[in-house]
Amino acid sequence: MSFADVTTSEMELTPCRVSFQPPGATAFIDLGGTLNAVTVSATYNKAEIKADQSGETVRDRRVSGIEVKVTTALAETQILNNWKYVFPHATQLTGGTGAIEFRQNIGDSDLNNSGVLLLHPLSLPDSDLSKDHTFYKACAEAASEILFSPTDQQMLSVVWNVLPDESVTGQAERFYRFGDSTVSD
């Protein structure tokens, strides 16, 4: 019989703080509580390399792209300012108590509306950035459903699409970092 070495201190069970730094802003905005956990999905897309001499046999696979998405469900649906980040193509009205208006906004750019999305485990102090997830150019997919129910809590479902950060020079475009965002190469 064989046993694996298991170190429970290397396991994590924690919710996280979801923060967003809009384009042009210098500070992060806490998007409030979440429901149904937060999911990070990162996939390197691969192209199959074949040769006529081998028929349909795949001889190699090579990276042809990357897709990164983050899924959240914001629990605090009454914070009107958060709606502008969930629906970046909507218009935030400022008169009176404010409102969000959904208008036709053909041609509006996800890249122009993308900002830094930060996930910080609440089991760690704010000063410990070692397990942070930083997405350099994230933009909400701008699709959500709001449930009105006598038994279920409202939430704003948000899928964040992560685009390449073109601001880096001398290296490949970056998408996402797990770990301390202040560490350099």
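**Close-up views of a predicted model**

View 1. The structure holds 0 disulfides (a disulfide is a pair of cysteine sulfur atoms within 2.5 Å). Cys16 is in no disulfide, and the nearest cysteine sulfur, that of Cys139, is 19 Å away. Cys139 is likewise in no disulfide; its nearest cysteine sulfur belongs to Cys16, at 19 Å. A disulfide is a covalent bond between the sulfur atoms of two cysteines. Are these residues buried or exposed? Cys16 is buried, with a relative accessible area of 18%. Cys139 counts as buried at 1% relative accessibility. Buried means under 20% relative accessible area, exposed over 50%, and partly exposed in between, with a 1.4 Å probe and protein chains only.

This is a predicted model: local features need pLDDT of at least 70, side-chain atom pairs count only at pLDDT 80 or more, and totals for chains, interfaces and linings use all residues. Residues are numbered from 1 along each chain as its sequence is written, and side-chain values use heavy atoms, with hydrogens and water left out.

**View 2. The whole chain.** The secondary structure comes to 2 helices and 10 strands. Helices (H or I, at least four residues) and strands (E, at least two) are DSSP runs, numbered from the N terminus. From the N terminus on, the order is β-β-β-β-α-β-β-α-β-β-β-β. The C-alpha trace spans about 70 × 50 × 40 Å along its principal axes. The chain has a radius of gyration of 20 Å, whereas a compact globule of 185 residues would have one near 16 Å. That radius is taken over C-alpha atoms, and the globule rule is 2.2 Å times the number of residues to the power 0.38. Buried residues make up 28% of the 185 residues. Among contacts (heavy atoms within 4.5 Å) with a separation of 6 or more, residues 24 or more positions apart account for 57%.

**View 3. The largest nonpolar core.** Which members of this core touch the most other members? They are Leu31, Leu117, Phe135 and Trp160, out of 23 residues. A nonpolar core is a set of buried Ala, Val, Leu, Ile, Met, Phe, Trp, Tyr and Cys residues joined through side-chain atoms within 4.5 Å. At least two residues each come from S1, strand S4 (60-74), helix H1 (80-86), strand S7 (115-121), strand S8 (133-140) and strand S9 (156-162). S9 supplies the largest share, 4 residues. In soluble globular proteins, nonpolar side chains tend to be buried together. Leaving aside neighbours within four places in sequence, Leu31 is in contact with Val18, Phe20, Leu74, Asn82, Tyr85 and Trp160.

**View 4. Gly32 in its loop.** Gly32 lies in the loop between strand S2 (29-30) and strand S3 (39-49). Gly32 is buried, with a relative accessible area of 18%. Not counting residues up to four places away in sequence, Gly32 touches Val18 and Glu76.

**View 5. Gln21 in strand S1.** Gln21 lies in S1 (residues 16-21). Gln21 is buried, with a relative accessible area of 16%. A polar atom of the Gln21 side chain lies 2.8 Å from the backbone oxygen of Ala25. Beyond residues up to four places away in sequence, Gln21 touches Thr26, Ala27, Phe28, Gly115 and Val116.

Note on methods
A polar contact is a pair of N or O atoms within 3.5 Å; within protein, one must be able to donate a hydrogen and the other to accept it, and residues adjacent in sequence count only if both atoms are side-chain atoms.
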